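Hi everyone, thanks for coming along. I'd like to walk you through one structure this morning, so please have a look at it with me.

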Amino acid sequence: MIEVHLSKIEMSLAQAVGRARHNQATKDGCQNAHGCPEEGGKNKNIIGALGEMAACKAANIYWEPRMRQYSTNQPDIGQRTEVRTRTRHHYDLLVRKSDREDRLYLLVTNDPDTRENLFLVQGIADGRACRQEKWLKEYGGREEAYFIPKRNLVCLDKWPGLRL
């Protein structure tokens, strides 16, 4: 696990990107996916952008904010990495059945109720390895998804030659 502290300007930039993504998706007529309540869409976009920035900071790579990933099939960061930001540090990595198997999935956690600017880059997993029946669960009345425990993730600094 890598601890990342975002500065106020980093937080502001990522929040602006999240709002812009939400506004663009709304303009494009996109609906919230996977059973997410409509009122949670904007916050999910903001939290996602914050997680991407934290992941890039941890990996020491430039964060290139991307728009319309839902229509361009671009990964969140790098060439093949999807960032999953969860709002509690004890949450597992979430990978949906419809997610691409040829991607890497990176778990970033943040607890906005305690320290808004503290992000934990918990680890990364290969998309193919994430699809194990034992991790398939349904929470909150939403569709089944894979919830990969943090102990099964590889820390970024422990994966030699990793290219995001």
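Let me begin with a question: how many aromatic pairs does the count come to? The answer is one aromatic pair. Its members are Tyr-139 and Phe-147, with ring centres 4.7 Å apart and planes at 85°, so this is an edge-to-face pair. Please keep in mind that we are looking at a predicted model.

Are these two partners buried or exposed? Phe-147 is buried, at a relative accessible area of 10%. Tyr-139 is partly exposed, and its relative accessible area is 47%. The cut-off for buried is under 20%, so Phe-147 qualifies at 10%.

Three strands form an open sheet in the order S3-S7-S6, and the pairing is antiparallel. Strand S3, residues 93-96, and strand S6, residues 136-137, are the edges, each pairing on one side only. Between S3 and strand S7, which covers residues 145-148, there are four bridges, and these two run antiparallel.

Let me step back for the overall picture. The protein has three helices and seven strands, and along the sequence they follow the pattern β-α-α-α-β-β-β-β-β-β. Of its 164 residues, 43% count as buried. If you take contacts between residues at least 6 apart in sequence, 62% of them join residues at least 24 apart. The exposed surface comes to about 9,100 Å², with carbon and sulfur atoms supplying 47% of it.

What about the interior? In soluble globular proteins, nonpolar side chains tend to be buried together. In this model, the largest nonpolar core has 24 residues, and Leu-6, Trp-63, Leu-106, Val-108 and Phe-119 have the most contacts inside it. Strand S1 (2-5), helix H1 (8-27), helix H2 (41-59), S4 and strand S5 (118-126) are the elements giving two or more residues each. H2 gives the most, with seven residues. To zoom in on one member, Leu-6 touches several residues beyond four places away in sequence, among them Met-11, Leu-50, Met-53 and Phe-119. There is also a second, separate core of 11 residues, including Leu-93, Leu-107, Cys-130 and Trp-135.

That brings me to strands S2 and S4. They run parallel, joined by six bridges. One of the paired positions is Arg-84, whose bridge partner in S4 is Leu-107, a residue of that second core. S2 spans residues 81-86, and six of its six residues are buried. Which way do they point? Thr-81, Val-83 and Thr-85 go one way, while Glu-82, Arg-84 and Arg-86 go the other, and all are buried. In a regular strand the side chains alternate between the two faces of the sheet.

Thr-109 counts as buried, at 0% relative accessibility. Which side chain does Thr-109 join through a polar contact? The partner is Gln-122, at 2.9 Å.

Notes
Residues numbered from 1 in each chain as written. Predicted model: local features only at pLDDT ≥ 70, side-chain atom pairs only at ≥ 80, totals over all residues. Heavy atoms only, no water. Phe/Tyr/Trp six-rings, centres within 6.5 Å; stacked < 30°, edge-to-face > 60°. Buried < 20%, exposed > 50% of the residue type's maximum accessible area, 1.4 Å probe, protein only. Pairing = 2+ DSSP bridges. Polar contact = N/O pair within 3.5 Å; in protein donor to acceptor, adjacent residues only side chain to side chain. Contact = heavy atoms within 4.5 Å. Areas by Shrake-Rupley, 256 points an atom, 1.4 Å probe, with all protein chains shown as cover. Core = buried A, V, L, I, M, F, W, Y, C linked by side-chain atoms within 4.5 Å.
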